[in-house]
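Hello,

Here is the structure we talked about. Please open it and keep it beside this email as you read.

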Amino acid sequence: MINEYEQKKIDSKTIKTALEDAARVFVKVWPLQNFIACNPLCGYEHLAFDRALEVSKVELGWTDQLEEKDFRHWYAQGAMTLQGVEEQFEHCSLSTWAACFQLEDREIQLKDILRADLMAALKPPIETKPDTMLKTLLKTIGFIPEQEEENVFADKVISMIQGVELLTSEPLLEKLDEHTVKWISAYLDKGQAIWSMPNRHLGLRAAWQNLVLFDNSLCRKSHSVLKRLFTMIPQNPYEALGALLEYLEVPVGEIKSYMRWHLAQLPGWVGYIRWHVEQMDRLHDIHEPRRTLLADYLILRLCTELALCEAFVNKYDDRHATLAQVRDCLKKYPIKQELKKQFDDSGEMERRLTYIRHELSLSVEEMEILLQNYGQEILSAMKTFDHAMKSKIFREAMEATYQNNLLAKIKHNFASQSISDAENKPMMQAVFCIDNRSEQLRIKLEACGNIQTLGFAGFFGIPTRLRSYAENFSRDLCPVLMTPRYAIAETPVENKTREATHYLKTRQRFVFLKSIFQWLMKNTAGMFTYVEAFGLGHAVLMLIKTLFPQHIQYQTFLDVKPNLVSKITTASRKDGLVEGITLEEQTYYAEAALTMMGLTHDFSPVVVFCGHGSQTENNPYQSSLDCGACGGNAGGANARVLSEILNNTSVRDNLAARGIIILEETIFLAAEHNTVTDEVRFLNLNQYQHRISVAISPLLDAFKQASHLNRKSRTAILPSMMKNPISINATDWSQVRPEWGTAGNAAMIIGPRSLTENLDLKGRVFLHSYEYQSDLQGKSLEAILTGALIVAQWINGQYLFSTLDNRRFGSGSKTIHNVVGRFGVMRGNASDLQIGLPLQTLMANYSSLYHMPLRLTAIVYASWQTVDRIIRRHTLLQNLFNNQWIYLFVIDPESNEFLTHLPGGTWKTWPERLSLEGLSKHLETLQTH
C-alpha cells in the first residue's frame, strides 16, 4: 500500500506557480523613503469583506484587538446609536438563534440573551463579581473540560517546526525567525552596515550558503544537516524548493499552504521582497539574481527548519525529520502540558453570563434554572457570538451612523445654499491636494477672504521624476500605481544664478562635513577619534536638541530656497524617460488636470496650486506624512511644474483652441503646505509677482490667517501641542506624534465644492473636485475612481487594519523602533519588518484610540448610470464596491436622489430623498455665474 506522503517529483513550474499563488495575499511593502499607505489585506479583495477577514485570520494569524472599552468610548461620543447597533444585530442574526426557552411563566428567546450580551458591552462594567454558582454550573454541563484530550494537535500542524515545538517545548520557531531576519536584512542592506554581506551579487541563496556554515549560533548537528541539504538540492531555485518539500514529505495538496504558512511568519519581509522583485521587473533586469529572491528566501527557511528540527526529532525516530514523522510522533507521545492549547475561557464566560443576568433582570435562581435546562444550547450560541462578531456589529453601526450624519449634512447644505453666493467672483482660486489635512485648511481659507478652493490629487496629474538642483538623486513624484514618464530638472532662475551657486556650494560643504561625521561615528576605529575630537561638542548639541528644540534650525540648509530654484527646464531623452515635456504634452496634461478638477472657466486673477509636505526630526516614518500622491514626497515641486506649464502662453493658446480660455491677467502660483507647522510658503511668487494684476498682500494675509486658525484648532486635538508651541513638533527629535497625519479618515467626496461648502468635516474627508457637466463621457470620473479613490482606499485600509491588530498590521510603539538597512523598521533587533502604522499615530493616549476604524465611504456627484458603467469596466472597482471594501453613494443630479451601491452590483435609494426641487438646475446656475 502506498503511503499517503509518497509522491512523484514535483516539477519546478508547479512549484513556481504555487509560490506565486501563496505570496499573492501579502501586500507589497515600500521602503521608508517611499512609505506608501496600503491595505494589508489587498490580496483578499476578491472576497466579500467579512469573508476576507475570516480567511485572512486563519492564513495570516491575526485577531481583532479592539476592546469593549473602545466601543464604550465611541458610543459615549455619539459615534454610534442604540438603534444602529440594533439594526446591525438584526442583520447578522442566524437562524439557529430563533430558539425560545420557557422559564416558569416567562418566555426568553435566545436572540434576547445574545442581544443582552451585546448591549452590556456598551455599558460601564458591573462592579459585582461573577456569580459564584456559574463556574460549578459550567463544569457540570461540560463547558469547562476536565482534561484536554491528547493527540488533538497532529491534524492542526501545518509545518514541521510547529510540531517539534509541541513535542519539545523548545522555541524553535523564534530561532528560525531570528536566523531568517539576520540573513535577509544583511543581504538587502542599503548601506547602513559598514561591512556589507560578501557575495551579494550572487544572490541570497549563494551568499547565505557560503557563510552559514561559519555561524556558531547553529550547532554541529545543524551544520551537518545543512551540508547534506546543500549537496542534495539542485541549483535551480524552484527545483530546489521542490526537492526540499519532497524531503519534508509534504503532500502535494499541502504545498501551497505549507509555503504560505512560512511566508506568513514574517509578512513584512515577504512584502518588501515582493516590492524588491517588482522593481527588478520594472528595470527589466533579467540577469539580476534577486528576481528569484522569494524562492531563495523560502529555501533559506526550509533548510534552517530542517537543521533546527532534525536533532530533536531523532530523539523519537531514527529517520530524518519529515512532516509525516512529526505528525506521527504527535499521535504517539505526550505533549508538554504547558504548550497545550486548552479551550478554557470560563472566566470570560462567567462575566458575560453575569452581565446577561443583569440585563434580563433575572435572579440568581432563575439564571441557574435556565442554564441547567438549556445550558448547552445557550453556551454554544454564545461561543458563536464571539468578540469578532460583536466587533463587526459595533463597527458597522459606527459606519452607518457616520454615513447617515454626513449625507444628512450634505442634503441640508444643498437646501440652504443661495444662488447669489456665486455672483461674487473669487479673487483667488486655490487648488489643494485631496488629503484630509488640506480640508481643514481649506475651510479656514475660505472664511478669510473671497477665495474659492478646489481639491485634486497632489501630484497634479503629471507623472514626473524630479532631479533636484541641490541634490544628487532623483525622486519619483507620482503615485506608486503609475510609472514616471518625464524627467524634470530644476535650475536657478536666470537672475538668481550667482546666489544659487553660492547656496549650492554652502550646502555641499555642509553635506560633506555631515558625511564625514557619520563615517567617523560608524567606523570601528574612527569612532574613538570622533569621541575624542568632537564628543563634547556633540553632547552639547544633543542637550540643545533635547531641551531647546525650537532653536535647532540647521535643517533649513538642506531645503531648496524657493527664490533660488523655480524654473523647470526641458531637454532630451535620458534613462528611458523624456527629459522635459513637449508643448503638445504640456497642453494635454494641462487640459486633463483642469477638466478633472472642474476649473475650465471663470479663472481668478490668481490661481494657486498648493501641494503639501511634512517636517519632522528623527522620524523613520517621515515619508508617510508627506504626499502619498507624490510617492511619499512633498508636493511643492509638482505644483511648480503645473504652474509653469499653465503660465506658458503657448500652452494657453492651445487650451483656448480646445475651449478653455485663460485670461491674460491670470497668473498661476505654486505653494507648499507644511502639515506640521501649518505654514504655507509660495515657491515662485518672486518670479511672477510683477505680473499679478490684483493686490496680492490681502490674499497672502488670508493664507497666514488661515494657517493661524488651523494651528489653533489643531491644538485641541493633538496632545503634544497642548504643552509646546506647534513649531517645536517639527524640530523636536523626541516627538513621537508631530501631527495626526490622515488619522480619522472615513470618507471621500467627489463632486463640486458646493456639496460641502461651509461644512466642517472635522478633517475626516478626502475632497476631490469634479464637475459632471464638463465630463459628459465620464472619462475624468473614471480616472478619479481608478486612481485617487484607490489611493484613498489604501490609506483607509492601512489605518483600519493597523487599528484592528497593530501587532500584525501596525508597528507597535515608536520608542522601540530600530531602522534596518535604511529601508525599514523593526521592533527590537530581530523582528518582522513593520508594515503599518505605529501606535502613536492611532492612539490619543495609552488607553484610548484616536482613529476610528471605519471602512471608506465614497460619495460621488454624478449620474448613477455613468458610475455603474465605469464599475462594470473595471474588475478592481467591482471587487471594492461589490464586496463592500468601500461603501459607495451616488448623488444623482438628474433625479435629485441619493443612491447606495449594494453587494452584487445593484442600487438602492438612500432612505431620505432631497427635498430641494430642481437641484441640478440650481447647481448649473451656480456654475454659470
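Is His 874 buried, partly exposed or exposed? His 874 is partly exposed, because its relative accessible area is 24%. Here buried means under 20%, exposed over 50%, and partly exposed in between (1.4 Å probe, protein chains only). His 874 sits in the loop between helix H33 (864-873) and helix H34 (875-882). Its C-alpha atom is 8.2 Å from that of Thr 786, 88 residues away along the chain.

Two notes on the source. This is a predicted model, where local features need pLDDT of at least 70, side-chain atom pairs count only at pLDDT 80 or more, and totals for chains, interfaces and linings use all residues. Residues are numbered from 1 along each chain as its sequence is written, and side-chain values use heavy atoms, with hydrogens and water left out.

Now look at Phe 548. It lies in the loop between helix H21 (526-547) and strand E8 (565-569). Helices (H or I, at least four residues) and strands (E, at least two) are DSSP runs, numbered from the N terminus. Phe 548 is partly exposed too, at 42% relative accessibility.

Next, a hairpin. Strands E16 (residues 817-820) and E17 (residues 824-827) pair in the antiparallel sense over four bridges. Pairing takes at least two bridges found by DSSP. Val 819 has Val 825 in E17 as its bridge partner. Three residues lie between the strands, and Gly 821 in this hairpin has a positive phi near 60 degrees.

Best wishes
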